Amino acid sequence: MRNYEVMYILRPELEQEAVDAAVEKFKGIITNGGEITKHDVMGKRRLAYEIKKIRDGIYVLVNFQSAPEVVAELERLMKISDDVIRYLITVDVTK
């Protein structure tokens, strides 16, 4: 198992229940074949630049350990999710 870090940005107009549902969905994917070491919903923040005419977003940062298959499934679901504006999954080499 390798260490990974994912940061994703959710649409700012989502209700709190929809944000919680999206976060739980992605947490479920990760815990299905891995282990979350740190999870932080950073809240609504201004984007550095507009993405699809959107200026704000809800930032979520997750550090986890898993097999590469889990990362592939997580990336697939983030690509097709309408709630996710942008995401980035990196291998965490500091651990």
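E13 counts as exposed, at 52% relative accessibility, where exposed means over 50% relative accessible area, buried under 20% and partly exposed in between (1.4 Å probe, protein chains only). This is a predicted model, in which local features need pLDDT of at least 70 and side-chain atom pairs count only at pLDDT 80 or more, while totals for chains, interfaces and linings use all residues. Residues are numbered from 1 along each chain as its sequence is written, and side-chain values use heavy atoms, with hydrogens and water left out.

The side chain of E13 takes part in a salt bridge with R11, with 3.7 Å between the closest N and O atoms. A salt bridge is defined here as a side-chain nitrogen of Lys or Arg within 4 Å of a carboxyl oxygen of Asp or Glu. R11 is partly exposed, with a relative accessibility of 24%. Side chains of opposite charge can pair when their charged atoms come close. Five salt bridges are found in the whole structure. Another of them joins E50 and R55, at 3.2 Å from N to O. Both residues are partly exposed, E50 with a relative accessible area of 42% and R55 at 48%.

Strands and helices were assigned as DSSP runs (E, at least two residues, for strands; H or I, at least four, for helices) and numbered from the N terminus. Strand β2 (residues 34–51) and strand β3 (residues 54–66) run antiparallel and are joined by 12 bridges; two strands pair if DSSP finds at least two bridges between them. E35 has Q65 in β3 as its bridge partner. Two residues lie between the strands of this hairpin, where K52 takes a positive phi near 55 degrees.

The 13 residues of helix α2 should span 18 Å at 1.5 Å a residue, and the distance of 19 Å between its end C-alpha atoms agrees; the expected span is 1.5 Å times one less than the number of residues. The buried residues of α2 include V70, V71, L74, L77 and M78. These residues are on the same side of α2 because they cover an arc of only 130 degrees around the axis, the arc being that of the directions from the helix axis to the C-beta atoms. The buried residues are covered by elements including β1 (2–10), α1 (16–33), β3 and β4 (84–91), with contact meaning heavy atoms within 4.5 Å. E69, K79 and I80, on the other side of α2, are exposed.

A salt bridge also links R76 and E73, at 2.9 Å from N to O. These two residues are three apart in α2 (residues 68–80), so about one helical turn separates them. R76 is partly exposed, at 43% relative accessible area, as is E73, at 31%.
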